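Reader: I am new to this structure and would like to be taken through it. Could we begin with a term that I shall need?

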Amino acid sequence: MDAFSFLSVLLSIILGLAITHVLSSLGRLVHNREHVRVYWPVGVWMVLLLLIYVQGWWASFGLRDHTDWNFLTFMVILLQSIFGYMLAALLLPEYAWDKPVDMKADYFRQAPWFYGTMVASVITSVSKDLVLDGHLPETGNLLFHAAFLGISVIGAITKREWFHKAIPVVNLVMFAAYIFILFAKLK
């Protein structure tokens, strides 16, 4: 077994847990729908998180030729997966189904932590190129990261509902463009 195959197992487990958390939360929300006050931006975030996880898995194939592995390099890549899981955990808490669920109240209670984790995830993503290759990502990739970072910082500090309704939609469109422009083909 080569180093990439060995190291990718843990990354795959964490991404699998993140995907499982989103999908199982969706199932529980649907199953208990009579107790749920739905907040549609959370639904858009669920779709976006699944897309982020799949793209992360897709992009990790590019690491297969990397041979100079060290603990720092692996930790940066592992942190990106961990932050991804934490986004799902913060967006979709374990609800107590014996009382009504207000997804909007939960969202705004967790928003600073959710967007703070998103900031950490974006910084870790940029750091990945630094520790792997010794330089920042290419310009287009870096511009997308800067946009995601700026939106996430504002999301962490603002309480304006219109902005929180716009964030997932804007991020979904931007992330789809990011994938189409930079990751459409397996590298």
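Reader: Thank you. Then is Lys185 buried or exposed, and why?

Author: Lys185 counts as exposed because its relative accessibility is 68%, and the cut-off for that class is over 50%. Lys185 is found in the segment after helix H6.

Reader: How far apart are Lys185 and Ala59 in sequence and in space?

Author: Along the sequence, 126 residues separate Lys185 and Ala59. In space, the distance between them is 9.5 Å, taken from C-alpha to C-alpha.

Reader: What is the confidence of the prediction, as mean pLDDT?

Author: The mean pLDDT of the protein is 92, and 99% of its residues reach 70 or more.

Reader: Which elements have the lowest and the highest mean pLDDT?

Author: Strand E2, residues 101–102, has the lowest value among the elements, at 91. Helix H5, residues 139–157, has the highest, at 96.

Reader: Let us turn to open space. What volume does the largest pocket have?

Author: The volume of the largest pocket is about 1100 Å³. Its lining comprises 46 residues, and those closest to its centre are Gln55, Ala59, Gln80, Lys128 and Phe183. Ala59 is also the residue that lies 9.5 Å from Lys185, C-alpha to C-alpha.

Reader: Which elements give two or more residues to that lining of the largest pocket?

Author: They are helix H1 (3–31), helix H2 (40–60), H3, H4, H5 and helix H6 (161–182). The largest share, 10 residues, comes from H2.

Reader: And how does the lining of the largest pocket divide by class?

Author: There are 24 nonpolar, 16 polar and 6 charged residues in the lining of the largest pocket.

Reader: How many cavities of 30 Å³ or more are there?

Author: The count comes to 1 cavity of 30 Å³ or more. The largest cavity has a volume of about 50 Å³. The elements that give two or more residues to its lining are helix H3 (71–91) and H4.

Reader: Which residues line the largest cavity?

Author: The lining of the largest cavity is formed by Leu90, Leu91, Pro93, Asp106, Tyr107, Gln110, Ala111 and Phe114. H4 provides the largest share, with 5 residues. By class, the lining of the largest cavity has 6 nonpolar residues, 1 polar and 1 charged.

Reader: Asp106 is on that list for the largest cavity. Is Asp106 buried or exposed, and why?

Author: Asp106 is buried, because its relative accessible area is 11%, and buried means under 20%. Asp106 lies in helix H4, which covers residues 103–133.

Reader: What does Asp106 touch, and which side chain does Asp106 join in a polar contact?

Author: The side chains of Asp106 and Arg109 are joined by a polar contact of 2.7 Å. Not counting residues up to four places away in sequence, Asp106 touches Pro93, Tyr95 and Val101. Pro93 also belongs to the lining of the largest cavity.

Reader: Changing topic, where is Ser25 found, and is Ser25 buried or exposed?

Author: Ser25 is found in helix H1. Ser25 is buried, with a relative accessible area of 4%. A polar atom of the side chain of Ser25 lies 2.7 Å from the backbone oxygen of His21. Setting aside residues up to four places away in sequence, Ser25 touches Thr20 and Leu92.

Reader: What about Leu10, and where is its place?

Author: Leu10 also has its place in helix H1. Leu10 counts as partly exposed because its relative accessibility is 37%. Not counting residues up to four places away in sequence, Leu10 touches Phe74 and Leu78. The C-alpha atoms of Leu10 and Leu78 are separated by 7.9 Å, and these residues are 68 residues apart along the chain.

Conventions
Residues are numbered from 1 along each chain as its sequence is written. This is a predicted model: local features need pLDDT of at least 70, side-chain atom pairs count only at pLDDT 80 or more; totals for chains, interfaces and linings use all residues. Side-chain values use heavy atoms; hydrogens and water are left out. Helices (H or I, at least four residues) and strands (E, at least two) are DSSP runs, numbered from the N terminus. Buried means under 20% relative accessible area, exposed over 50%, partly exposed in between (1.4 Å probe, protein chains only). A polar contact is a pair of N or O atoms within 3.5 Å; within protein, one must be able to donate a hydrogen and the other to accept it, and residues adjacent in sequence count only if both atoms are side-chain atoms. Contact means heavy atoms within 4.5 Å. On a 1 Å grid over the protein atoms alone, a cavity is a set of points where a 1.4 Å probe fits but cannot get out, and a pocket is an open set with protein on both sides within 12 Å along at least five of seven lines; lining residues have an atom within 4 Å of a point. Grid points are joined across faces, edges and corners, and a volume is the space filled by probe spheres set on the points. Ala, Val, Leu, Ile, Met, Phe, Trp, Tyr, Cys and Pro count as nonpolar, Asp, Glu, Lys and Arg as charged, and the others, Gly among them, as polar. pLDDT is the predictor's confidence in each residue, from 0 to 100.
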